[in-house]
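Let's take a friendly walk through a protein fold, starting with the whole chain and then moving to its strands and helices. Keep the picture open beside you as you read.

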Amino acid sequence: MNIYGLTFAQLEQYLLQIGEKISKAPIIFTNLYRKQISSLLDIPEIRQSLKEQLMQDFSLALPRLIQQTNGTDTIKFLFALQDENLIEAVLMRQRYGNTLCISSQVGCNMACAFCQSGRFKKVRNLLPHEMTAQIMAIQRQLQIKISNIVLMGIGEPFDNYENVMKFLEIIQHPRGLALGPRHLTVSTCGLVPQIIQYATHPNHGMLAISLHAPDDETRSRIMPINRRYPVAQVLEAARDFIQHTNRKVMLEYVMLQEQNDFPWQAQLLADLLKDDDFHVNLIPYNTTQNLGFQQSEQTRIATFYNILKQNHIVVTMRREFGSSVNAACGQLRADYEMQQ
């Protein structure tokens with residue numbers, strides 16, 4: 001079993017089961033996550049017999065780095081898991097710290113038409129340690145501290161709900177990575193029951209919703225999940241999250257040329273969001289191979305942005321990250337597999 005998949009409470013339970021005091025749990029967690037030890041034998045504050053027991057029962061294995069691609073402000077990592085499945089993570093260097101975008105599944109079943117990840121059907125869910133280990137591997141590789149985590153990589157996090165919630169518990173613990181809720185964002189394409197459940201979960205972080213269209217016709221065409229959970233239901237669930245948490249919800253909106261970037265769609269979006277605590281994030285599309293979508297022209301993005309601003313909607317235009325390093329979700333994996 002990989003120790004990076006244990007919550008603090010599970011580590012305490014394990015120690016009790018082997019006849020040890022739970023006072024050892026803070027020491028072990030601190031060494032794992034603050035000191036980032038590479039061997040359980042390196043914990044100085046516990047006796048040798050416990051170190052050997054830990055070595056016998058747990059692994060500290062990290063995913064194997066297959067490829068690292070560096071850009072100006074972005075680094076893309078392609079990892080192989082123990083079963084040789086491939087996942088990706090993206091580090092974005094921002095003025096307020098290092099933000100890491102991690103994967104939550106191998107492949108994805110949501111089939112969003114513009115998304116490279118959707119071309120790879122879901123193979124399996126990632127386990128908590130496989131999500132935690134992405135952080136640990138990159139911190140060790142680059143000798144840096146990750147300050148923000150977003151689950152926006154390969155996979156739909158809420159299609160792996162229980163494992164994701166356990167992962168959030170692990171990385172929030174004050175003896176571990178100690179990442180506060182406002183530094184953790186889960187992104188979903190709109191799984192309404194899980195959004196509602198997440199709002200009251202003790203380990204919830206921030207919420208981002210991949211909206212990408214304000215009308216059901218367009219959204220259903222580019223995001224099949226909309227046929228199950230249409231725009232009105234998704235926004236209602238988002239309002240439920242706002243009410244329970246008193247936190248703003250980020251609406252991600254990838255700008256697709258002549259698909260979802262018409263002025264009437266901007267006005268409809270503004271009408272839907274008036275008087276609510278939403279933040280719209282307009283995202284330049286990272287063009288990927290063979291998907292038939294193009295990034296919106298800057299004039300169309302500017303018009304869309306201005307309509308939202310004129311209607312007093314909080315809106316930002318994300319600086320384009322990662323186009324030079326194939327940072328669209330699933331793009332690095334696709335390119336690598338095409339070369340093999």
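## The chain as a whole

Of the 340 residues in the protein chain, 58% are buried. Please keep in mind that you are looking at a predicted model. The chain contains 11 helices and 12 strands.

How does the radius of gyration fit with that of a compact globule? A compact globule of 340 residues would have a value near 20 Å, and the protein chain has 21 Å, so the two agree.

## Contacts and surface

Among contacts between residues at least 6 apart in sequence, 67% join residues that are at least 24 apart.

In which order do the strands of the open sheet line up? Its 10 strands follow the order β1-β2-β3-β4-β7-β8-β9-β10-β11-β12, with mixed pairing. At the edges stand β1 (64-70) and β12 (314-317); each has a single partner strand, so one side of each is left without a neighbour in the sheet. On average, neighbouring strands are turned by 20° against each other, ignoring direction.

Helix α5 (residues 161-172) packs on this sheet, where it touches β7 (148-151) and β8 (184-188). The direction of α5 makes about 180° with that of β7.

## An antiparallel pair

For an antiparallel example, look at strand β2 (residues 74-80) and strand β3 (residues 86-94), which are joined by 7 bridges. Within this pair, isoleucine 75 of β2 has leucine 91 in β3 standing opposite.

Is strand β10 (residues 249-255) largely enclosed or largely open? In β10, 6 of the 7 residues are buried, so the strand is largely enclosed by the rest of the structure.

Two parallel partners flank this discussion of β10. Strand β9 (residues 206-210) is joined to β10 by 4 bridges, and isoleucine 209 stands opposite leucine 251 in β10. Strand β11 (residues 278-284) pairs with β10 over 7 bridges, also in the parallel sense. Here methionine 255 stands opposite proline 284 in β11. Together, β10, helix α9 (residues 263-273) and β11 make a right-handed β-α-β unit.

How values were computed: Residues numbered from 1 in each chain as written. Predicted model: local features only at pLDDT ≥ 70, side-chain atom pairs only at ≥ 80, totals over all residues. Heavy atoms only, no water. Pairing = 2+ DSSP bridges. Axes fitted to C-alpha atoms, helices over the stretch in contact; angles between N-to-C directions. Contact = heavy atoms within 4.5 Å. Buried < 20%, exposed > 50% of the residue type's maximum accessible area, 1.4 Å probe, protein only. Right-handed = clockwise from strand over helix to strand, strands pointing away. Rg over C-alpha atoms; globule rule 2.2 N^0.38 Å.
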